[in-house]
Amino acid sequence: MFVQIKDLAFHYKNSRNPLFENLSLNFNQGEVSVILGESGSGKSTLLRLIAGLEVPSRGSILIDQAVMNDTFRFVQPEKRGVGLVFQDYALFPHMTVEKNIKFGLTKMNRKQKQARMEELLAIVGMEDYASRYPYELSGGQQQRVALARAMAPNPSLIMFDEPFSNLDSKLQLQIRDELQEILKRTGITSIFVTHDEEDARAIGDRIILMNNGKIQDEGRPEMVLKRNKEQLSLAYV
Amino acid sequence: MYFIRKMRSQFNSWALLSVIFSTLILLPALLIMVQLFAESNENWEHIKEFMLKNYIVNSVTLVGFTGLFTVLIGVSAAWLVSAYKVPMHRFFKWGLILPLAIPPYIGAYTYHGILNYTGVIQTSLRNQFGIKVDQKFFDIMNIPGAVFIFTMFLYPYVYIITKSFLENQSSSLIENARLLGKGSFMTFIQVVLPVSRAAIVGGVSLVILEVFNDYGVVKYFGIQTFSTAIFQAWFGMGDIYSAIKLAGTLMFIVVLILILEKVIRGRKQYSYSTSKVRPLQPKELKGWKKFAVLSFFISLFALAFGIPFIQLIHWVYMTYDVILNTAFVDLIWNSVFVASIGSVLIIIVALIIANFSRLSKGWMGKLFSKITVLGYSIPGAVIAIGVLTLFLSLDEKVFTLYEWLGLEPTLVLSLSISMLIFAYVVRFLAVGFNSIESGFDKVGTVFTEASRTLGMSVTKTFFKVDIKMIKGAIAGGFILVFVDILKELPLTLILQPFNFYTLATKTFQYASDERIHEASVSSMVIICISALSIFFLHRVLEKEPK
Ligand SMILES: Nc1ncnc2c1ncn2[C@@H]1O[C@H](COP(=O)(O)OP(=O)(O)O)[C@@H](O)[C@H]1O
Ligand SMILES: [Mg+2]
């Protein structure tokens, strides 16, 4: 198991009820896991906890056997080696595509950085856009750059927070297929958050169904979707 | 355990620096508060028994009437500018802010110069028309005169805040009222006034703080208030003790007013500026109404800016060849020097505290941001006395240290320029902080978080991402602070080192010596720099919402 979450508890300061109590969950190496759930069920928060952007009040998180946090320790996000693609991409507006992708490549020299940047632009098919600024790109292009930027430092785990929600539906399908292809090719462990059943079915090796901060079901996509058919159809009418 | 781990997750050095800076900022006010309850001396007993009531009555009268008139003028100007279109509309929109560029003490001596026996009005009446007038109609060196001066040069605070509220927030309400067939006047009374209550209170409380802060106008006009009393206790009698008591009492009154402001303003914030709101469309005016509104704008602009400005230009023309010499260059250099160092320090401290406060999300961060804003509410003379007490007691320590080391003992700190600059930081930190905080609010935390997941620490992220993204807010904050320091009078008068003058204090000195013509050149420099910054910021603010 690559990511192990045990008895995790979390509470947003300004909300009345705890969001997670005793959440336990594992993610396997090399798999694409999908967290599926309605909006507000806690999917983004879970990603933020794994990335170290929020501090849990209890429980532990291990990534690749290493403790990220438990009662005594807390590893800062920059030390976790986890890539996160944000819902609205969060590309640095004051940097070109090239600078954005090179941003996380702190341990390389200039030549290596250049090579890695070109490699990633090739993977996402954006070779001709290196000197553009984010606002000069379409939504789908920004999405690809965000993916390239997150993958550049070679994270052991990459996470996507509703990566298609800002794209129109035709583009969604195309990018989804591309993304799936890239993830399969690189074999990277990934966690993918969505509220869309179709996305989950198409891209996931495994689905975790989340509801109100609790794991309702998990397993192979067909099984999970079948077992929870009624509830899912109700939720998404 | 949880708490310790949590603390560690919150980037120690940022927290530590924030704690240190906030404590330093708080220290002068705390010192005054502590001393307020110390035993009293004879001098203070005398002041308390015979004079305190007079100070309170005068201060409150000034504050009350200035508040009333700035609301009347500021709100009606804001309403007329945002709801109606008259010729030169764009000019008046920002021109009515311009009086803010003239510090009230400069306005005060300028108006006195215009109206007194040798001034332009009386001499023209005498020489051209042979009319001799009763002096009492032209004497403004009294409380009503001071209220006039304060109103003219401070109403823009009410005007700006109310105007931006009306333009950006309330269009649907006002347009609905119009559709329902309400006349303009009824719309104003029944809709505009109630919905902009919070904005008006916000603006007028700034006015009130400025009036309490003032020393130049009341001193020049010979009105006894808290500020003049503090000066008299310290410079006249060398009695720091009574100065502290007076400062403490004044601080107490100011705190009461701030609490009152919170209560009146209620839970409504006046600046929930979502840029999505549709702005109010001004209506074209015709006939006598157009004429009436236009004359209101013209007379307001003339009284609060045009007339004093032209008079100053005339005086500059009369005196510039005497004034413009190397001493004047020194004066400008002094002012620019303290203002630059003060502004840079303020921006650095504000950046550190604002960044910590936004990333920690906890009560500590909130507390720090409250503390930084404190100084702006406290009158300059009070801060000066607090800082003075602090540095004098530090000097005692240094003094003994010097003796112990066998060196020549001297007062180092309390005579140095660092004391003055420290006081500027305490007083104006809020100005820089507000600008930077709103810059951070606009960009949010997502870029910071993206940077951290890409392997950058909080500090590296700060330099590579955060400050790059709020460049505009940093520049804006710097300009505002710079101009505020340039204009500052009471605090500088108390704390400036021997033989060190700034443009503001030299202006005031000339005016007090009845050499008002000579005061005009330095006044003009202050006004022009302030006006430029107002123009610049206004243009930036106008352009920003897309
Ligand atoms: N910064 C925050 N402060 C307080 N509550 C929050 C914050 N962010 C999210 N929440 C609340 O936590 C719950 C889960 O949110 P989130 O993790 O964003 O859900 P999802 O990504 O599944 O839509 C929601 O009820 C949301 O309102
Ligand atoms: Mg979400």
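In helix α23 of chain B, the buried residues are B:Leu503, B:Ala504, B:Thr505, B:Lys506, B:Thr507, B:Phe508, B:Tyr510 and B:Ala511. Buried means under 20% relative accessible area, exposed over 50%, and partly exposed in between (1.4 Å probe, protein chains only). The model is predicted: local features need pLDDT of at least 70, side-chain atom pairs count only at pLDDT 80 or more, and totals for chains, interfaces and linings use all residues. Residues are numbered from 1 along each chain as its sequence is written, chains are lettered from A and ligands numbered from 1 in the order in which they are written, and side-chain values use heavy atoms, with hydrogens and water left out.

Helix α23(B) spans residues 503-512. Because 8 of its 10 residues are buried, the helix is largely enclosed by the rest of the structure. Helices (H or I, at least four residues) and strands (E, at least two) are DSSP runs, numbered from the N terminus. B:Glu514 follows α23(B). This residue is found in the loop between α23 and α24 (516-543) of chain B. B:Glu514 is not a glycine, yet its phi is positive, at about 60°. Its relative accessible area is 47%, so B:Glu514 is partly exposed.

A positive phi also occurs in chain A. A:Asp7, a residue other than glycine, has a phi near 50°. A:Asp7 belongs to strand β1 (residues 3-10) of chain A. The residue counts as partly exposed because its relative accessibility is 36%.

Ligand 1 has a shell drawn from chain A. The surrounding residues are A:Tyr12, A:Asn14, A:Leu19, A:Glu38, A:Ser39, A:Gly40, A:Ser41, A:Gly42, A:Lys43, A:Ser44 and A:Thr45. A residue is placed in this shell if one of its heavy atoms lies within 4 Å of the ligand. By class, the shell holds 2 nonpolar, 7 polar and 2 charged residues. Ala, Val, Leu, Ile, Met, Phe, Trp, Tyr, Cys and Pro count as nonpolar, Asp, Glu, Lys and Arg as charged, and the others, Gly among them, as polar.

Backbone atoms take part in the ligand's surroundings. A backbone N or O atom of A:Gly40 lies 2.7 Å from an oxygen atom of ligand 1. For a backbone N or O atom of A:Gly42, the distance to a ligand oxygen is 3.1 Å. A side chain contributes too: an N or O atom in that of A:Lys43 is 2.9 Å from an oxygen atom of ligand 1. On its own, ligand 1 has 560 Å² of accessible area, and the protein covers 60% of it. Accessible areas come from the Shrake-Rupley method with a 1.4 Å probe.

On a 1 Å grid over the protein atoms alone, a cavity is a set of points where a 1.4 Å probe fits but cannot get out; a pocket is an open set with protein on both sides within 12 Å along at least five of seven lines; lining residues have an atom within 4 Å of a point. By this rule, the count is 9 cavities of 30 Å³ or more. The largest cavity has a volume of about 310 Å³. Its lining comprises 22 residues, and B:Pro103, B:Pro104, B:Glu210, B:Asn213 and B:Lys487 are the closest to its centre. Elements of chain B that give two or more residues to this lining are α5 (104-115), α7 (143-169), α10 (197-213), α18 (417-443) and α21 (471-487). Helix α7(B) gives the most, with 4 residues. The lining of the largest cavity divides into 14 nonpolar, 2 polar and 6 charged residues.

The second largest pocket contains about 410 Å³ of space. It has 20 lining residues, of which A:Gly104, A:Thr106, A:Lys107, A:Pro153 and B:Gly455 lie nearest its centre. This lining has 8 nonpolar, 8 polar and 4 charged residues.

B:Val316 and B:His517 are 201 residues apart along the chain, and their C-alpha atoms are separated by 7.2 Å. B:Val316 sits in helix α14 (residues 287-323) of chain B and counts as buried because its relative accessibility is 18%. B:Val255 and B:Phe433 are 178 residues apart along the chain, with 20 Å between their C-alpha atoms. B:Val255 lies in helix α13 (residues 240-265) of chain B and, at 41% relative accessibility, counts as partly exposed. In chain A, A:Ile203 and A:Ser131 are 72 residues apart in sequence and 31 Å apart, C-alpha to C-alpha. A:Ile203 is part of helix α6 (residues 197-203) of chain A. At 1% relative accessibility, A:Ile203 counts as buried.

Technical notes. A polar contact is a pair of N or O atoms within 3.5 Å; within protein, one must be able to donate a hydrogen and the other to accept it, and residues adjacent in sequence count only if both atoms are side-chain atoms. Grid points are joined across faces, edges and corners, and a volume is the space filled by probe spheres set on the points.
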